[in-house]
Amino acid sequence: MFSSLFISGCAVVMVYQTNQLLGLAEVPDDLYAFVFWATMASYNFHWYLTPTAYSSSERIGWSHRHKRLELTLFLFSGLGAAYFLFFLHKYAGWIGLGILLTFLYTAPKIPFKPLAALSRIAVGKTIFLTAVWTYITTVLPVVMSGSPFTWAALLLTLHRLFLIYAICIIFDYRDRDQDKQSGIRSLVVYLDEEGNDRLFYGCCAAALISTLLLLTCGFSVTIVLALFVPILTTMLLYPEGKRSKSDYLFYFVLDGLMAFSAVFTTFL
């Protein structure tokens with residue numbers, strides 16, 4: 001429960017950071033509430049469908065013992081998301097794209113044979129998750145504000161995309177054995193050890209370059225350095241992430257790195 005509250009709060013803070021850094025005008029306040037409840041709903045639904053045998057982690061064990069609570073949170077949060085979606089109905093098409101990406105990420109876990117085929121789509125697991133987080137927290141606020149999608153918006157989107165994907169690679173590496181058994185073909189499963197390292201550090205390099213280029217858009221050195229911190233921290237944690245099975249490392253530290261710079265820049 002606390003991890004779902006934490007990750008939902010991270011999503012809201014990241015939306016606020018996009019608004020703040022790009023100076024967006026007239027972002028609907030209902031978007032923040034919708035993002036919070038929709039993240040809660042999708043997170044709890046995903047964990048509700050996650051089988052016990054998927055991993056030996058304490059988080060999975062907790063999930064197995066509290067399936068009823070997760071289902072309740074999913075239904076309650078879903079109602080909250082639907083309520084605020086009503087006030088955002090004119091953006092239904094844009095929001096619908098985010099919902100579709102979220103569904104594609106969770107769909108292989110739904111006990112319905114045609115949907116199980118999605119698990120065989122190479123790289124799908126990680127790509128869908130990275131895409132939905134980047135889209136909801138970066139692209140959607142720009143669209144809803146009516147602002148043009150500027151060079152700065154593109155660079156911030158790329159910063160988020162590559163940072164989140166790098167973090168997801170660490171999660172996928174931890175889950176690679178279970179993914180093989182389940183028939184889920186992520187890139188981490190497909191590549192060898194050296195290939196995974198190249199993929200990870202390539203994403204980090206792309207995140208660093210896109211962040212550095214924000215200086216050309218008038219971003220201050222302090223802001224750029226704040227955006228550098230989670231990228232460099234993720235790189236430092238990569239060797240430990242490949243060895244560790246700690247739920248605290250994955251569900252609080254690594255997840256929290258997505259929103260770390262957002263918290264920092266808010267106080268700036």
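1. In this predicted model, the charged end of Arg174 is placed over the ring of Phe250, at 4.5 Å from the ring centre. A further contact of a charge with a ring involves Lys242, which lies over the face of Tyr173, 5.3 Å from the ring centre.

2. The structure contains 12 aromatic pairs. Among them is the pair of Trp37 and Phe76, which is edge-to-face, with 5.5 Å from centre to centre and 80° between the planes. Trp37 belongs to helix H2 (residues 29–49) and Phe76 to helix H4 (residues 67–87), so this pair ties together parts that lie 39 residues apart in sequence. Trp37 is partly exposed, its relative accessible area being 22%, whereas Phe76 counts as exposed at 52% relative accessibility.

3. The pair of Phe200 and Tyr238 is stacked, because the ring centres are 3.8 Å apart and the planes stand at 10°, under the 30 degrees required for stacking. Phe200 is in helix H11 (residues 193–212) and Tyr238 in helix H12, and the pair links distant parts of the chain, 38 residues apart. Both Phe200 and Tyr238 are buried.

4. One aromatic cluster is formed by Tyr83, Phe84, Phe86 and Phe87.

5. Is Ile223 buried or exposed? Ile223 counts as buried, because its relative accessibility is 14%, and the limit for buried is under 20%. Ile223 is located in helix H12 (residues 221–243). The C-alpha atoms of Ile223 and Thr211 are 9.6 Å apart in space, with the two residues 12 residues apart in sequence.

Definitions and conventions
Residues are numbered from 1 along each chain as its sequence is written. This is a predicted model: local features need pLDDT of at least 70, side-chain atom pairs count only at pLDDT 80 or more; totals for chains, interfaces and linings use all residues. Side-chain values use heavy atoms; hydrogens and water are left out. Helices (H or I, at least four residues) and strands (E, at least two) are DSSP runs, numbered from the N terminus. Buried means under 20% relative accessible area, exposed over 50%, partly exposed in between (1.4 Å probe, protein chains only). Rings of Phe, Tyr and Trp (its six-membered ring) pair if their centres lie within 6.5 Å; planes under 30 degrees apart count as stacked, over 60 as edge-to-face and the rest as tilted. A charge sits over a ring if NZ of Lys or CZ of Arg is within 6 Å of the ring centre and within 35 degrees of the ring normal.
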